[in-house]
Amino acid sequence: MQYERFLPYLLTMALVTYLVRAIPLVLIRRKIRNQFVLSFLHYMPYAVLSVMTVPAVFFVTNNIISAVAGVAVALVLAFHKKGLLTVAVGASAAVFLAELLLRVL
Amino acid sequence: MTAKTSFSQFFQGIHDGISICLGYFSVAFAFGIFAVSSGLTPLETIQISAANVTSAGQLAAVPVMLSGGTLIELALSQFIINLRYSLMSISLSQKLDSSVKLFHRFIIAFVNTDEVFAVASAKESVGKQYMFGLILTPYVGWTAGTAVGAFAGNVMPALVITALGIAIYGMFIAIVVPPARADRHILFCVCLSVALSCLFRFVPFLAKVQTGFVVIICSVLAAAVTAALFPAEEMKENNAV
């Protein structure tokens, strides 16, 4: 991508991300009382991460079988409340092994 | 406040930020590989990390940029994905003590990430020096990790890059699964999100919608429906991502 095309993207996302963080921290001192808004903000992170992960995660490897292996390992590790690093490395290792196996077979 | 105590508070913040820093390094490493293998240059990738410090937002931005999406689409997707930071900033503003002046709030806001917020919100109150220490180490880890991933991606075997490409999704799974396991309302929200997301990927007409808008539409819909059906009893910001 040409830098003249990249720069507007960079500035736009940096500005939006910063304002989303800064405006409430600088302006709002009172607690939010609206139940729906509170609930919405409570569920939002999980919705965003879920939407971004599925189905995209199944298409980041060379073969969907290795992606399934990676997701399966990640789910098992996360279900047992392992840390972010452990789950991420475990999923990568599973993909690595599955891709190796698929090449041999 | 004496200089010595303010320095020890700064050091305490650095110390508390180290575990965040290590976690960020590996995730940023994965982002660096992901962005460069997607088609951005290493320098562009590093600038994105240095200017944004947000994993999910950055990951969503890469395909929007490379597919030639509009600035509106990018801005809206960043707004929605990063909206949770507003909640954290509101909550964090109640924790800042009188040493934090208006100008300092503008700096702290820049690196008010999920993990920084989680550590700060566990404290009774936090001062300026502590917060500066707490945001410094994660910021260094995030930017340095991206740089190493972006440059090392060129010399690493293709198979390793493929394997590490899933790491950032592994982190997302690690964030979502434990609370979804403990709270069936969150589980409902996750299932609804996944179902909507798959609809927009596989239904021919819906699949034409740009990636950034898919994230917005699906997550707003899922979170709004869940919030309407199951109002959260209290704001559990410590569990928030």
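In which crossing, left-handed or right-handed, does H5(B) pass H7(B)? I looked this up and noted a left-handed crossing of H5(B) with H7(B), left-handed being when the near helix is turned anticlockwise from the far one by less than a right angle, and right-handed when clockwise. I took helices to be DSSP runs of H or I with at least four residues, numbered from the N terminus.

I noted that this is a predicted model, in which local features need pLDDT of at least 70 and side-chain atom pairs count only at pLDDT 80 or more, while totals for chains, interfaces and linings use all residues. Residues are numbered from 1 along each chain as its sequence is written, and chains are lettered from A and ligands numbered from 1 in the order in which they are written.

Met88(B), Ser91(B) and Leu92(B) of H5(B) make the contact with Phe117(B), Ala120(B) and Ser121(B) of H7(B), where contact means C-beta atoms, placed from the backbone, within 7 Å.

I then turned to Val95(A), in helix H4 (residues 84-104) of chain A, which counts as buried because it has 32 C-beta neighbours inside 10 Å, the cut-off for buried being 20 or more. Beyond its neighbours within four places in sequence, Val95(A) has contacts including Thr61(A), Thr162(B) and Ile166(B).

Lastly, I recorded that 62 residues of chain A are in contact with 83 residues of chain B.

Notes:
Helices (H or I, at least four residues) and strands (E, at least two) are DSSP runs, numbered from the N terminus. A residue is buried if 20 or more other C-beta atoms lie within 10 Å of its own, exposed if 12 or fewer, and partly exposed in between; C-beta atoms are placed from the backbone. Two residues are in contact if their C-beta atoms, placed from the backbone, lie within 7 Å.
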